[in-house]
Amino acid sequence: MATQVRTRFSPSPTGALHLGGAHTALFNWLFARHHGGVFILRIEDTDMERSQAHFVDEIMESLRWLGLLWDEGPYFQSRRLPLYDEFVQRLLAGGQAYCCDCDPQELEARRQAALARGDKPRYDGRCRERGLPLGPKTAVRFKTPQTGVTFWHDQIKGHIAFENQELDDLVIRRADGIPTYNFAVVVDDITMQVSHVIRGDDHISNTPRQLLIYQALGAEPPLFAHMPLMLGKDRTKLSKRHGALPVLAYRDRGILPQALNNYLARLGWSHGDQEIFSMEELIRYFSLEHVGKAPGIHDEDKLLWLNSHYLKETPPAELGRLLLPFLAREGIATDDVAKAARVAATLNKRAKTLVEMAQAARFYYQDPRPYDEEAAARYLTPAAAPVLSLALERFRAGAELTEEGLTALLKELARETGRKVVEVAQPLRVALTGRAASPSLTELIPILGREETCRRLENALHFIGKDV
RNA sequence: GGUCCCAUCGUCUAGCGGUCUAGGAUACUGCCCUCUCACGGCAGAGACACGGGUUCGAGUCCCGUUGGGACUACCA
C-alpha cells in the first residue's frame with residue numbers, strides 16, 4: 001500500500017452532483033485532508049451515451065462552492081483508453097480474460113428469461129474456452145475464478161466475504177473498445193496509487209469483482225471503506241423524488257456551504273455530542289472509525305437548523321454581500337453593501353435561508369403597500385390614528401433615531417396615548433413594514449431613516465382615512 | 001428470487017459488558033424573556049425491533065426471526 005494517503009472522488013457526468021455525491025466527496029476530502037494526503041478528482045465518463053460535458057462543469061462548480069478542492073485532476077477516463085487496452089492485453093496474454101462474441105441482444109433475452117424463471121441471471125461462460133481473437137465485434141470478459149472466496153476487511157463495515165461462484169464473467173471491455181466501470185476503476189486506482197477507496201455501500205457487491213481483477217493483475221488493492229447510503233424519507237435511495245436537489249440548487253435556495261458541509265459530515269459520522277463543526281474541526285476530528293454502518297435519512301429540517309445557525313454566525317458585512325444577489329432575484333436592485341449589511345443584521349435571526357432573508361428585506365427597499373390585509377384590518381384602524389399622528393409629529397420634530405431613543409419614544413407614545421407599548425408598536429409596525437411581524441422597530445427605523453419613516457406614517461394615516 | 005449490507009427517540013446520533021432508571025441535537029409541546037415575529041433560556045413528551053443464547057451482568061458479544069436497503073448490465 002502506498003504510504004501516502006490518496007483518495008479520489010469519481011463521479012460520472014451523467015447528471016448534476018446531488019447530495020449523495022457531495023456526501024461521498026466530503027468524506028474522501030476530509031479523510032485526505034486529515035491525513036495530509038491527496039484528494040483526486042476523476043471523471044468516469046466511459047458511458048458515452050449519457051455523459052455530458054456540461055455536467056462536468058457543474059460537478060466542478062459544486063465542489064468549488066462547497067470548498068472541496070481537489071489536488072489532482074480532473075482525470076477523464078475517456079482520455080485514458082490506451083492505458084486500459086494495455087491492461088486488457090495483459091489479462092488476455094495471461095489467460096485471465098477472453099474474447100466473447102455473444103450477441104448482446106441474445107444475452108439480454110437470456111437474462112430476462114432467467115429472471116422470469118427465478119434463476120440467477122449470470123453469463124454462462126460459453127465463450128470462455130473458445131480462444132477467440134480480439135476482433136471488431138468482440139467484447140473482452142474477465143475469467144472469474146469459479147471456486148474460492150473473495151473477502152476484505154472493510155474500513156467501515158468490517159469483514160465482508162463473497163463466494164466466487166456467485167460471480168460471473170463480467171465484460172471488462174466492450175466491443176467498441178471502451179472499458180467498463182469495474183475494470184476502468186481498478187486500472188485507475190492502481191495507476192493513480194489510490195490508497196483508500198471511500199464510496200457508497202451500493203458498491204459493496206462490485207468490490208469482489210474488482211478485488212479479483214487486482215489479483216489477476218498482481219496489484220495490491222487499496223483499502224476499502226463503504227459508507228452508508230443517504231436515504232429519502234421513504235427509506236429508499238435518495239433521488240430527485242425526495243426533494244434531494246443538486247448541490248447548486250441548495251446554493252440557490254440560500255443555503256451556506258458551511259451549513260451543507262456540516263450537515264453532510266454529521267450524517268453517518270459523529271464526534272461525541274458535538275453538532276457544530278468548522279471545516280478545521282472536521283478535518284482535525286474526521287476518522288473512518290467513527291463512521292456508522294446504518295444508512296441515514298435525509299432530514300431537511302436539520303439542514304435548515306444548521307443554516308440558520310451559520311446565518312447568525314456570519315458577520316453582517318459578509319452577510320450583506322451574500323444577500324445582494326438574492327435581493328436582485330426578488331426584484332430589488334441595489335449594490336449598496338453597507339445598507340444590505342445593516343438590513344441583514346436585523347434579519348439573520350429570523351430567516352433560515354438567504355432566500356427567506358431577501359424576501360423579508362423587501363420593506364426596507366420598497367413601499368410597504370399594499371399592506372398585509374389581515375394586519376391592516378387589525379392595526380390600521382381609526383383608533384390607531386392618534387398614535388400614528390403623534391409618532392409622526394415626534395419624528396418630524398427630530399426624535400432621536402437610536403435604539404435607546406426609540407425605546408424611550410415607544411414608551412412615551414404609549415403613556416401619552418394611554419395605551420400599552422404593544423398597542424402603539426403594532427400600528428407603527430404595519431405602517432412601516434406592511435406586516436404584523438418584523439424586526440424590532442428600534443432597529444428598523446434607523447435603517448429606514450427619518451424621511452422615509454415620516455412618509456410611511458403619512459401614507460398609513462391616509463389609508464386609515466385621516467388627513468395629515 | 002439470489003447475494004450482500006444494515007437495525008438506539010419521528011429524524012441525525014452518543015454508547016466500544018457493569019458508570020444506562022440510555023446522553024446530546026433536531027423537530028414537536030408548554031413556560032419565561034419580549035414592541036410583533038424570531039433568537040435565547042428552562043421544562044416536557046419521545047428509542048435500545050423480536051426471540052434465543054454467552055456471561056455474575058447485555059443497548060453493547062453470538063445465533064435466529066422480522067423489518068429495511070443495495071446490488072443483481074457490453075450503466076456507473
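Which helix gives the most to the lining of the largest cavity? Helix 17 (residues 403–417) does, with four residues; helices here are DSSP runs of H or I with at least four residues, and strands are runs of E with at least two, numbered from the N terminus. This is a predicted model, in which local features need pLDDT of at least 70, side-chain atom pairs count only at pLDDT 80 or more, and totals for chains, interfaces and linings use all residues. Residues are numbered from 1 along each chain as its sequence is written, and side-chain values use heavy atoms, with hydrogens and water left out.

**Cavity**

- The count comes to one cavity of 30 Å³ or more, a cavity being a set of points on a 1 Å grid over the protein atoms alone where a 1.4 Å probe fits but cannot get out.
- The largest cavity has a volume of about 40 Å³, volume being the space filled by probe spheres set on the points, which are joined across faces, edges and corners.
- Phe395, Leu406, Leu409, Leu410, Leu413, Leu428 and Ile445 line the largest cavity; lining residues have an atom within 4 Å of a point.
- By class, this lining has seven nonpolar, no polar and no charged residues, where Ala, Val, Leu, Ile, Met, Phe, Trp, Tyr, Cys and Pro count as nonpolar, Asp, Glu, Lys and Arg as charged, and the others, Gly among them, as polar.

**Salt bridges**

- Side chains of opposite charge can pair when their charged atoms come close.
- The structure holds 33 salt bridges, each a side-chain nitrogen of Lys or Arg within 4 Å of a carboxyl oxygen of Asp or Glu.
- A network of salt bridges links Arg8, Arg42, Glu44, Arg80, Asp188 and Asp189.

- Arg394 and Glu412 form a salt bridge, with their closest N and O atoms 2.8 Å apart. This pair links distant parts of the chain, from helix 16 (residues 385–396) for Arg394 to helix 17 for Glu412, 18 residues apart.
- Glu412 is partly exposed at 27% relative accessibility, the class between buried (under 20% relative accessible area) and exposed (over 50%), with a 1.4 Å probe and protein chains only.
- Lys302 meets Glu275 in a salt bridge (3.5 Å, N to O). Here Lys302 lies in helix 10 (residues 300–313) and Glu275 in the loop between helix 8 (257–266) and helix 9 (279–285), 27 residues apart.
- Lys302 is partly exposed at 32%, and Glu275 is partly exposed at 25%.

Methods:
Chains lettered and ligands numbered in written order. 1 Å grid on protein atoms, 1.4 Å probe; cavity = no way out; pocket = protein on both sides within 12 Å on 5 of 7 lines; lining within 4 Å.
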